[in-house]
Amino acid sequence: NKIRLENEEVACLKKVKRQDTQYFSARVHLARFFCQLKVYGNGYRELEGLRRIPQFYFNPYKAMAMGIEYGRCKKYFQAIRALKQAERGSRKFAPADRRANTKRLLQAMADIYERRYYRTKNITDLRQALKRYQRYYEMLRSSERSERSKARKEVARLRSVISKKGGGLDD
């Protein structure tokens with residue numbers, strides 16, 4: 001999901017007005033671009049500008065996109081906050097894509113919690129990652145063999161890491 005932009009394209013994306021239908025996409029692309037360049041502050045500012053607009057933050061699709069991008073910008077607290085907002089609004093996902101988006105949301109949350117653990121060393125984050133991966137595994141159908149196998153291995157790996165860190169498991 002790398003984005004390659006020329007200076008003219010960045011300038012063009014910055015010119016997109018708030019009332020334009022592509023404003024959200026333009027700002028998310030800018031945030032991703034800045035974070036890829038490791039200019040995390042600029043990426044974070046783009047996302048914070050979006051977060052302050054209720055029509056974006058309270059839309060589960062857009063909250064999920066913001067959460068994923070916050071994670072790419074290494075802003076894990078904000079990423080989890082946005083992903084939890086998406087989770088609260090997940091009933092608003094269209095029925096046709098609710099399952100796919102819920103799976104994506106659970107994977108993103110597990111990933112962000114785990115990455116936050118490696119930054120903060122708070123074992124609760126690993127437990128939250130495990131919890132999200134277990135929920136993800138449980139919602140997979142038996143016909144999704146490859147995904148189920150990967151999820152099972154991920155759950156086992158997280159359980160192992162938690163037990164090695166002396167965190168114990170709450171189940």
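Trainee: What is K103 in contact with, leaving aside its neighbours within four places in sequence?

Mentor: K103 is in contact, meaning heavy atoms within 4.5 Å, with Y136, M139, L140, E144 and E147. This is a predicted model, in which local features need pLDDT of at least 70, side-chain atom pairs count only at pLDDT 80 or more, and totals for chains, interfaces and linings use all residues. Residues are numbered from 1 along each chain as its sequence is written, and side-chain values use heavy atoms, with hydrogens and water left out.

Trainee: Why is K103 called buried?

Mentor: Buried means under 20% relative accessible area, exposed over 50%, and partly exposed in between (1.4 Å probe, protein chains only). K103 has 10% relative accessibility, so K103 counts as buried.

Trainee: What makes Y44 and Y70 a tilted aromatic pair?

Mentor: A search of the whole structure finds eight aromatic pairs. One of them is Y44 with Y70, at 6.1 Å centre to centre and 55° between the planes. Rings of Phe, Tyr and Trp (its six-membered ring) pair if their centres lie within 6.5 Å; planes under 30 degrees apart count as stacked, over 60 as edge-to-face and the rest as tilted, and therefore this pair is tilted.

Trainee: How do you know that the charged end of K75 sits over the ring of Y44?

Mentor: A charge sits over a ring if NZ of Lys or CZ of Arg is within 6 Å of the ring centre and within 35 degrees of the ring normal. The charged end of K75 is 4.7 Å from the centre of the Y44 ring.
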